[in-house]
Amino acid sequence: MKKNRNSPQSSHQMGEVRIIAGLWRGRKLPVLNAEGLRPTTDRVKETLFNWLMHDIAHSRCLDCFAGSGSLGFEALSRQAQAVVFLEKFANAANLLKKNLQTLKTDNGSVIHTDTLQYLSQKNSSEQFDIVFIDPPFHQNLVPQVLKLLVENHWLAENAILYVETEKNHAPLNLLEGWQILKEKTAGMVVSRLIQA
């Protein structure tokens, strides 16, 4: 949900994301309209949640590069048990918190952190059923995230990973036993659903 190196710190313009379905269907939430912040399009989001239709309810989700929170809010609307939003930039993280308050839900939590640093911690408590990985493009972050998720035991058994990359991203080296369940290209973006 965010691309490029530029911090979304500098812009005060607002955009919005729309929740497609579920408890808050049709609700629009404000997001920072800044260079470097790119909410997943409705078309891509609709495809993703069609893929996850039978998995999302009661799941524990991790939104690794939350940005606008578009994927995490959609998951909560479709009755995910909990979503943890990781967001590096303070004003984006603060807006995520405000939007959770607006939705009057206690099922989402926002952690203002660098995703790689956060996932580098040894995890002994919380494991996730579904992980959204939509990092800034052209920084080769996906392989690092996948490695840390496994090494530090962030994934529940049979976890599902959603990975969004630029079209010319290097092929993903998946662990033995992992498989790509779904794959779709829309413009310059490739979306993949991976069974861990």
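In the predicted model, A66 is found in the loop between β3 (60–63) and α2 (70–77), where helices (H or I, at least four residues) and strands (E, at least two) are DSSP runs numbered from the N terminus. A66 has a relative accessible area of 0% and is therefore classed as buried, the term buried denoting under 20% relative accessible area, exposed over 50%, and partly exposed the range in between, with a 1.4 Å probe and protein chains only. The C-alpha atom of A66 is separated by 8.6 Å from that of K88, a residue 22 positions apart from A66 along the chain.

Because the model is predicted, local features need pLDDT of at least 70 and side-chain atom pairs count only at pLDDT 80 or more, whereas totals for chains, interfaces and linings use all residues. Residues are numbered from 1 along each chain as its sequence is written, and side-chain values use heavy atoms, with hydrogens and water left out.

Across the whole structure, a search finds eight salt bridges, a salt bridge being a side-chain nitrogen of Lys or Arg within 4 Å of a carboxyl oxygen of Asp or Glu. One of them joins the side chains of K45 and E74, with an N to O distance of 3.8 Å. K45 lies in helix α1 (residues 42–51) and E74 in helix α2, so this pair ties together parts that are 29 residues apart in sequence. Both partners are buried, K45 at 2% relative accessibility and E74 with a relative accessible area of 0%. These two residues also belong to a network of salt bridges that links K45, E74 and R78.

A further salt bridge is formed between E126 and R60, whose closest N and O atoms are 2.1 Å apart. Since E126 lies in the loop between α4 (115–119) and β6 (128–133) and R60 in strand β3, the pair ties together parts that are 66 residues apart in sequence. E126 is partly exposed, with a relative accessible area of 23%, and R60 is likewise partly exposed, with a value of 23%.
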